[in-house]
Amino acid sequence: MADMSKTILDQQGLLASGCTVLQEGLLVVARDDALYEYTPETRAGCTAFEGLKQGLAKLRRYLVVTTDDTSPDGAASSQLHLLDVRNKLLAGSFGLQGLAAVVVGPGGLATWDKAGRLVRYFEVELSTQLEVLFKRSLHKLALDLALCHDADPQLIAAIRQRWGDHLYAKAEYEGAMAQYLETIGSDLEPSYVIRRFLDAQRIHSLTRYLEQLHAAGLGTADHTTLLLNCYTKLKDVGKLDAFLHRNAGSSSSSSSRGPAGGVGGGAAGMAVLAAAEKAARRLGKGGKGEGPQLSFDPETAFKVLRSAGYAQHALFVAEQAAQPQWILDVLLEDMGSFPEALAFIGMLSRRQQAQALQRYGKLLIGAAPDDTTALLMALCMPGPESQADHTGDSADAKADAKFVASVADYAQLYADRPTRLLYLCEFILFNSGEGEVPQEQQLYHTLLELYLAEQLVDHELQEAAAGSAAEVAPQARRDKARELLQRGWQPHMAQPKYDPEHALVLCRQHSYVPGLVLLYDKKRLYREVAALHMQAGDYGSLIAACVQYGGDPQLWAEALEFFCSQPGDCSSAISQVLQHIEQGELLPPLVVLQTLAKNKNLKVSIVKDYVARQLQMEGKEIAKDRDTISRLQAETSAIKAEAAKLKSQPHVFQSSRCAASGQALELPVVHFMCGHSFNLRSLGESDRECPLCAPDFRRVLDIRRNMKAGALKPDEFFSQLDASADGFGVVAEHFGRGVMNMTQQSMASQGVAAGAGAGALGQL
């Protein structure tokens, strides 16, 4: 002390010297009744320990106390005690005879007696000490002892486990759980503790353990499931809320005090919508959700809360995990909050909206068909260009803004509500630009099938017995079907926007004749169009179709045959057909008469005028042909006579001027049998044929060559025969050309002769 002042801490002093020691900052004084501890200011405490003290020393954490144990008979003896004051433990007592000194040093403890013997003392291992304590069920003392030795944490945990097992065996469950809680983070498996407390009567202790397990970050999905089940069985909503919000980064709760029921609107509905909006913002447009890092497995918590009926708690977990599918599961399947679910879907990116509607569309259409259809209309139409321009630099965001869903992916959702599907398809098809509708062909097919349906009534209207009032008129729909077919296959289009074969199948299935006529006309299947009118018995339409496609004689032949085969009176129709056939000279009279002869009830008066006109026309044709024959015979005779004259009589050339230049003829001169004369210098190298007559001669040779070549192409002859309305005329024409008599050998011989004749046209 700086001022050398004294402070009296106790009026009693010491009876023997060497009975004081400093331990852990305290002055320990050994008296006969106890061991007293002092601080510089006052007495701190005491430890009762009777006996006549001979000495006091310190050995690590022990106090070495020597007491006088002289027997009544005067034999001098002493007792050596090792005290663990902190743990109130007498570590050992040893009787000594003739003790002379007690030596304490770094190496341990030793005694020296008057006989000159030195005895050294060693502390047994900690494990041995612990086993002794365990056998006496002194687990608290064993724990304190291990702590004093700064034992390994795993050893400390093992001691606590044995202590907990001891208490559990004595049915002291709360005390046992207190020890088990201290083992969290050690090698002790949590399942060891959990299995012991699974009984319903010990659920509170189990809940405490699971809470600490999660607080230490060691909870697995199974532990989360078990903890949430404990909360729900205890109906401890406060702890459930605290667990969910502990690391969620939000103090606001979307949960209610108890299992959630339906949310019909009002404040509850607004709270649900606010949670959904928060989740949508967390998801971001076109991106993935990046929720907070929860201290538990969100998927497990979500499933447990849903199964226990805590829908709003499950909604909170889904919102924190930024899982739109989970949010919609709760809103639609557990809470029935259809308006909030639709509002939430509208906040998602376009691709996420498409996925959500594919999954929940049936449920949404059943509850809110108009709002769901409106959402689909917006999704199946291209988004505003401004939206795509302001989505940031993210390529995924820009691609999402341009995403357009296909109606074909949602058509099955409207199985019970075809009228709304009709309005949806019409809106998308008639309000989209060229090439903006994905799977446009499928859209045409769906809309055509709806137009052709015999009855188109929504399911709820049928149940309300109001179908007749709400149904779109069948005739109006069928008129739209024809307009749709025309819209999808306009004259300027190289290919239709729908599959014509599929459209034909639909029209046949629903017996829609106007559609069939339109499609057959587009496909140029005119005979099928006529067959439709024949099947329907529509005489006027049949004749009109034949007039429209009048270039096909076979069409008129089938129409005439149809009318002649009808049991009723078809005189007027037959007369019209005969008139058109006669005007266009479409069929030979013989074919017409053979067809008319099949109807035994047909009156001659119907065809009398036709036959008369045909006979008159045939007479004119015969007279004309006879005149032509006479003319050709006369020309042939003249040519033959001239040829004979050329062969048998000399030919005098009297021309005095060159036929090419008009100059006077000068030797050498070339005369041709055709009567033309030329100066040799005017001909040049072409002195073998007359340059004036050679083109005409070559043309004749080409005609003959083509005629001969046609004789070797029977397919061409038969194709002309099939295409011609007057087959006999084709045969007569080929026969008149001599083609029928041509053979390859005769053609070869005639070709040689023709070549020779061409070379002998002129002579010098």
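In this predicted model, R160, Q161, W163, G164, D165, L167 and Y168 of helix 3 are in contact with Y173, G175, A176, Q179 and Y180 of helix 4. Those contact residues split into six nonpolar, four polar and two charged. The protein chain holds 35 helices and 14 strands. Of its 764 residues, 39% are buried. Among contacts with a separation of 6 or more, 50% join residues 24 or more positions apart.

**Helix 3 against helix 4**

- Two packed helices are described by the angle between their axes and the distance between the axes.
- Helix 3 covers residues 153-169, and helix 4 covers residues 173-181.
- Their axes lie 8 Å apart, at an angle of about 165°.
- Angles over 145 degrees count as roughly antiparallel, so helix 3 and helix 4 are roughly antiparallel to each other.
- The crossing of helix 3 past helix 4 is left-handed.

**Helix 13 against helix 14**

- Helix 13 spans residues 338-347, and helix 14 spans residues 350-367.
- The two axes cross at roughly 160° and come within 11 Å.
- Helix 13 is therefore roughly antiparallel to helix 14.
- Helix 13 also passes helix 14 in a left-handed crossing.
- On the helix 13 side, the contact residues are F338, A341, L342, I345 and G346.
- On the helix 14 side, they are Q353, A356, L357, L363, L364 and A367.
- This contact has nine nonpolar residues, two polar and no charged.

**Helix 12**

- Helix 12 runs over residues 324-334.
- Eight of its 11 residues are buried, so helix 12 is largely enclosed by the rest of the structure.
- The buried residues of helix 12 are P324, W326, I327, L328, D329, V330, L331 and L332.
- G336 follows helix 12 and has a positive phi, near 65°.

**Salt bridges**

- Side chains of opposite charge can pair when their charged atoms come close.
- The model has 15 salt bridges.
- E299 and K303 form one of them, with N to O at 3.3 Å.
- Both E299 and K303 sit in helix 10 (residues 298-308), four residues apart, which is about one turn of the helix.
- E299 counts as partly exposed because its relative accessibility is 38%.
- K303 has 51% relative accessibility, so K303 counts as exposed; the cut-off is over 50%.
- R698 and E689 also meet through their side chains in a salt bridge, at 2.5 Å from N to O.
- R698 is partly exposed, with a relative accessible area of 44%.
- E689 is partly exposed as well, at 22% relative accessibility.
- A network of salt bridges links R306, E333 and D334.

**The E440–K497 pair**

- The side chains of E440 and K497 make a salt bridge, 3.8 Å from N to O.
- E440 belongs to helix 19 (residues 440-452), while K497 is in the loop between helix 22 (474-488) and helix 23 (500-509).
- The pair therefore ties together parts that are 57 residues apart in sequence.
- Residues under 20% relative accessible area count as buried.
- E440 is at 17% relative accessibility, so E440 counts as buried.
- K497 is at 18%, so K497 also counts as buried.

**H445 in helix 19**

- H445 is located in helix 19.
- The relative accessible area of H445 is 8%, so H445 is buried.
- With neighbours within four places in sequence left aside, H445 is in contact with Y498, D499, H502 and L506.

Technical notes:
Residues numbered from 1 in each chain as written. Predicted model: local features only at pLDDT ≥ 70, side-chain atom pairs only at ≥ 80, totals over all residues. Heavy atoms only, no water. Salt bridge = Lys/Arg side-chain N within 4 Å of Asp/Glu carboxyl O. Helix = DSSP H or I, 4+ residues; strand = E, 2+ residues; numbered from the N terminus. Buried < 20%, exposed > 50% of the residue type's maximum accessible area, 1.4 Å probe, protein only. Axes fitted to C-alpha atoms, helices over the stretch in contact; angles between N-to-C directions. Parallel < 35°, antiparallel > 145°, perpendicular 65-115°, else oblique. Left-handed = near helix turned anticlockwise from the far one by under 90°. Contact = heavy atoms within 4.5 Å. Nonpolar A, V, L, I, M, F, W, Y, C, P; charged D, E, K, R; others polar.
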